[in-house]
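Me: Please walk me through a few residues of this model, one question at a time.

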Amino acid sequence: MEQPIAVTRQSFDDWMVPVYAPADFILVRGEGSQVWDQQGKSYIDFAGGIAVNALGHAHPVVTAALVEQAGKLWHLGNGYTNEPVLRLAKQLIDATFADKVFFCNSGAEANEAALKLARKRALDKGNSSKNQIVAFNNAFHGRTLFTVSAGGQPKYSKDFAPLPGGITHTPFNDLAAAAEVINDHTCAVIVEPIQGEGGVLPADPAFLQGLRELCDRHDAVLIFDEVQTGMGRTGELYAYTQYGVVPDVLTTAKALGCGFPIGAMLTTDELAKTLGVGTHGTTYGGNPLATAVAGAVFSIINTPEVLDGVKQRHQWFLDGLNKINQQYPIFSEIRGGGLLIGCQLTQDYAGKAKQITQLANEEGVIALIAGPDVVRFTPSLIIPEQDVKEGLARFARAVARICS
Ligand SMILES: *Cc1c(COP(=O)(O)O)cnc(C)c1O
């Protein structure tokens, strides 16, 4: 057999479209919440691929589901349905408000489907001027042109104008401002229960409740983007149940496949009728390989052991981070839910989140940022206590270095 091509971090700069600036090492193997680089150095993984690897790396049950399905059937196309996709649909329906599911390959695609559904639903009702979408400052909904326009961070959209129109942004958690723009021309309101990329900012319960009432009053579709908060991340299967506010459409991806690309849009019978045969679709959506993996992931995550374990682990992180912060006061707030935790840096350390995660890498731990001023942790939902302790000890050494 031919020798594999030799690759180093420099190869990235040589061969890749430079939309990313990855760390200066290459990870080659993972097991649970530990990963190793080309040189054999070990890291504790507190990022989980940005809230994706919710069961860590190489989980034996998930790996077995992948291998078993890989030996049977990979892909058919949507002219033929398959068993794993139907089983996964039933699992999601039984565990949520939803009656119907649409599968795709990413969070952005799930949101794209949700926004298209809302526009078409209004049009089908004969209301061609009911096409306005309300979204929130700082939100993140993906990188397609429609979803990047719905997102509330102009730095991600402004270079790609002309952008899809009919989208208005108001401040997150400001119900009065939302009430001013939500009216009978509104077809959809899209919101994250906890803004993830925007800085780990939880919605106020009254805000989501108020959006629900405004959507009911004006017959608008309420879309919860649970791409990051979903699949157990906050300690419940989906965060909407913690808020006691039921959306009309929910989007989920990231942890759904634990690293195998898959996304889904969940909705009600009534709304699902909008997307009739031929109105929307995707080649790979609901492919048997992806849905077999997600089915195994779902069976593990949607259990009291795992979901209660998230709440317990939240406390381990909070205790450890508070202790670090007592010794080196660099955080003004530690917030979030479950294992979606954001640490807001104080004024003195503003803009240093990236530098802190780089030092953390040197100390052997992988953490994330959520904007320039927030360090974010989204580890495996089943990370062992020993790995939490060791990872926080390594993180503390990185914090000590930034403070010295
Ligand atoms: C990551 C994310 C997305 C985009 O998902 P992709 O799979 O990258 O397309 C959308 N919404 C939220 C809240 C996210 O965190």
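Me: Is Ile-5 buried or exposed?
Reply: This is a predicted model. Ile-5 has a relative accessible area of 69%. The cut-off for exposed is over 50%, so Ile-5 is exposed.

Me: Where is Ile-5 found, relative to helix 1?
Reply: Helix 1 covers 9-15. Ile-5 is found in the segment before helix 1.

Me: What is the accessible area of the nonpolar surface patch that includes Ile-5?
Reply: Ile-5 forms this patch with Val-7, Trp-15 and Met-16. Together, the accessible area of these residues is about 470 Å².

Me: Nonpolar side chains tend to be buried together in soluble globular proteins. Which residues touch the most other members of the largest nonpolar core?
Reply: The largest nonpolar core has 83 residues. Those that touch the most other members are Leu-211, Phe-377 and Phe-395.

Me: How many residues are in the second, separate core?
Reply: Among its members are Ala-118, Ala-122, Ala-188 and Val-249. The number of residues in this second core is 22.

Me: Is Thr-268 buried or exposed?
Reply: Thr-268 is found in the loop between strand 12 (263-267) and helix 10 (269-272). Its relative accessible area is 19%. Buried means under 20%, so Thr-268 is buried.

Me: Which residues is Thr-268 in contact with, and which backbone nitrogen lies 3.3 Å from a polar atom of its side chain?
Reply: Leaving aside neighbours within four places in sequence, Thr-268 is in contact with Phe-97, Asp-99, Lys-100 and Asp-248. The backbone nitrogen at 3.3 Å from a polar side-chain atom of Thr-268 is that of Leu-271.

Methods: Residues are numbered from 1 along each chain as its sequence is written. This is a predicted model: local features need pLDDT of at least 70, side-chain atom pairs count only at pLDDT 80 or more; totals for chains, interfaces and linings use all residues. Side-chain values use heavy atoms; hydrogens and water are left out. Patches are made of residues with over 30% relative accessible area and no salt bridge: like charges are joined within 9 Å, nonpolar side chains (Val, Leu, Ile, Met, Phe, Trp, Tyr) within 5 Å. Accessible areas come from the Shrake-Rupley method with a 1.4 Å probe; for residues, only the protein chains shown count as cover. A salt bridge is a side-chain nitrogen of Lys or Arg within 4 Å of a carboxyl oxygen of Asp or Glu. Helices (H or I, at least four residues) and strands (E, at least two) are DSSP runs, numbered from the N terminus. Buried means under 20% relative accessible area, exposed over 50%, partly exposed in between (1.4 Å probe, protein chains only). A nonpolar core is a set of buried Ala, Val, Leu, Ile, Met, Phe, Trp, Tyr and Cys residues joined through side-chain atoms within 4.5 Å. A polar contact is a pair of N or O atoms within 3.5 Å; within protein, one must be able to donate a hydrogen and the other to accept it, and residues adjacent in sequence count only if both atoms are side-chain atoms. Contact means heavy atoms within 4.5 Å.
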